[in-house]
Amino acid sequence: MKPIQMVDLVSQYQRLKTDINLSMQSVLDQANYINGAPVKQFSKDLAEYLSVKHVIPCANGTDALQIALMALGLPEGSEVITPGFSYIAVAEACLLLKLKPVFAEVNPQTFNLNPLEIEKHITANTKAIIPVHLFGQCADMETIMAIAEKHNLYVIEDNAQSIGAEYTYSDGRICKSGTIGHLATTSFFPSKNLGCYGDGGAVFTNNDALEERVQMIANHGQKIKYIHDAIGINSRLDTIQAAVLLVKLPLLNSFNAERQAVAAKYTEAFKNHSHLMPPIVAKNTTHVYHQYTLQTCDMNIEDFRTAMKLKGIPTMVYYPLPIHQQNAYIQAVSLPICESIASHVVSLPIGTDMDEQQVDYVIETVLNYFKA
Ligand SMILES: *Cc1c(COP(=O)(O)O)cnc(C)c1O
């Protein structure tokens, strides 16, 4: 059996090698390393895939959040409501820009920002909401957008983990994750569902004025070369990464389907378990399983992880400490659901190119752990 990894990037590359090498080779042959044609082509292709008006590529998903926030031009001290159980990037971008992240509770089943918790955090200083579509399924965007509209707030979707997921409105309309808010951001970090071979990211928007701001900020605050109208940053997707992404984008749906097939087998195996609760998918979204995250009860997660490791199965805890309890971000608030989730989750290996034998082995080994 092939060794099991949290995400197996080597097997996927071996499968796509011919096309990827050709695409990268053409960048080397033309030496168009920065802003080469593949960057523009990829932005266009991704915009088409998502059915969104603009995709502005940048250097990584954290920059994308920073650029999106800068594009909104919020005054110092503005408050941004975001989930307390999440990856650190949103809080980091806010604080670097002297904005205040206000951490809210998540839905205990989906781990996503609980819209019912948002309004109690809204003050005169609240300017934006940043839901994170955690682990691969969309937050309750329709409710979040209604609250935002009522209070005149911007919404930025952090779509780094859910690219390709679909959201269904209550009237039946279906759209891609990351096309609902005023802005959305994503990451092409290698292990993401659409990953390149280094760092990469993008901002999406349907709003022309915001597109212009984002474009300008990502490019040193200039619209015309050497004429600087705003303070920006330098954040580019390099052409070699765009060349990789051009090959991988047409395969994104099949990549996500491969992840969903692994998840379906896991969920079938663990659905009635007394210590493990498989991920629950909200009714208005698909799940593209950036992570397959179980909630546990009455068990020692570290003992479980050690036992799995001894059997050759890597596991991870995404994320062991909610953001309001991190040293650099500490806030004296109590978010019992975020805190409880952080100490009860464990994620299993998932990705494309996981074969049946590997999936069966993970299932059997996990189930056997509890029989001992
Ligand atoms: C990966 C990730 C980011 C950051 O992306 P980078 O490209 O690593 O900067 C931001 N938010 C979430 C939810 C992520 O998973």
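**Note on pockets, cavities and helix packing**

1. Four elements, namely α2 (37-50), β1 (54-58), α6 and β10 (222-224), each contribute at least two residues to the lining of the largest pocket. Helices (H or I, at least four residues) and strands (E, at least two) are DSSP runs, numbered from the N terminus. The greatest contribution to this lining comes from α2, which provides six residues.

2. The structure is a predicted model, in which local features need pLDDT of at least 70 and side-chain atom pairs count only at pLDDT 80 or more, while totals for chains, interfaces and linings use all residues. Residues are numbered from 1 along each chain as its sequence is written, and side-chain values use heavy atoms, with hydrogens and water left out.

3. The largest pocket holds about 600 Å³ of space, and among the 24 residues that line it, those closest to its centre are N35, V39, K40, P57 and Q215. A pocket is an open set of points on a 1 Å grid over the protein atoms alone, with protein on both sides within 12 Å along at least five of seven lines, whereas a cavity is a set where a 1.4 Å probe fits but cannot get out; lining residues have an atom within 4 Å of a point. Points are joined across faces, edges and corners, and a volume is the space filled by probe spheres set on them.

4. Sorted by class, the lining of the largest pocket comprises nine nonpolar, nine polar and six charged residues. Here Ala, Val, Leu, Ile, Met, Phe, Trp, Tyr, Cys and Pro count as nonpolar, Asp, Glu, Lys and Arg as charged, and the others, Gly among them, as polar.

5. For the second largest pocket the volume is about 460 Å³, and Y87, F189, S191, K192 and H290 are the closest to its centre of the 25 residues that line it. In the lining of the second largest pocket one finds 11 nonpolar, 10 polar and four charged residues.

6. Two cavities of 30 Å³ or more are found when the whole structure is searched. In the largest cavity there is about 70 Å³ of space, and its lining is formed by V7, D8, L9, Q12, P190, S191, K192, N193, G195, K248, R259 and T352. This lining has three nonpolar, five polar and four charged residues.

7. The second largest cavity has about 60 Å³ of volume and is lined by P3, I4, Q5, M6, V7, D8, I350, G351, T352, D353, M354 and Q358. Its lining is made up of six nonpolar, four polar and two charged residues.

8. Turning to helix packing, the axes of helix α3 (residues 61-72) and helix α6 (residues 208-218) come within 9 Å and cross at roughly 120°, and the two helices are therefore oblique to each other. Axes are lines fitted to C-alpha atoms, for helices over the stretch in contact, and angles run from 0 to 180 degrees between N-to-C directions. Angles under 35 degrees count as roughly parallel, over 145 as roughly antiparallel, 65 to 115 as roughly perpendicular and the rest as oblique.

9. In the contact of α3 with α6 (heavy atoms within 4.5 Å), I67, M70, A71 and L72 of α3 meet L210, R213, V214, I217 and A218 of α6. The residues of this contact are eight nonpolar, no polar and one charged.

10. Helix α8 (residues 252-270) and helix α11 (residues 356-371) have axes that come within 10 Å and cross at roughly 25°, and these helices are therefore roughly parallel to each other. On the α8 side the contact involves V262, K265, Y266, A269 and F270, and on the α11 side E356, V359, D360, V362, I363, V366 and L367. Nine nonpolar, no polar and three charged residues make up the contact of α8 with α11.

11. The axes of α2 and helix α7 (residues 239-248) come within 8 Å and cross at roughly 40°, and α2 and α7 are therefore oblique to each other. From α2 the contact draws on P38, V39, Q41, F42 and D45, and from α7 on T239, A242, A243, L245 and L246. The classes in this contact are seven nonpolar, two polar and one charged.

12. Two backbone details concern loops. The peptide bond from Y318 to Y319 is cis, its omega being near 0°, and Y319 is placed in the loop between α9 (301-310) and α10 (336-342). F111, a residue other than glycine, has a positive phi near 70° and sits in the loop between β3 (100-104) and β4 (126-129).
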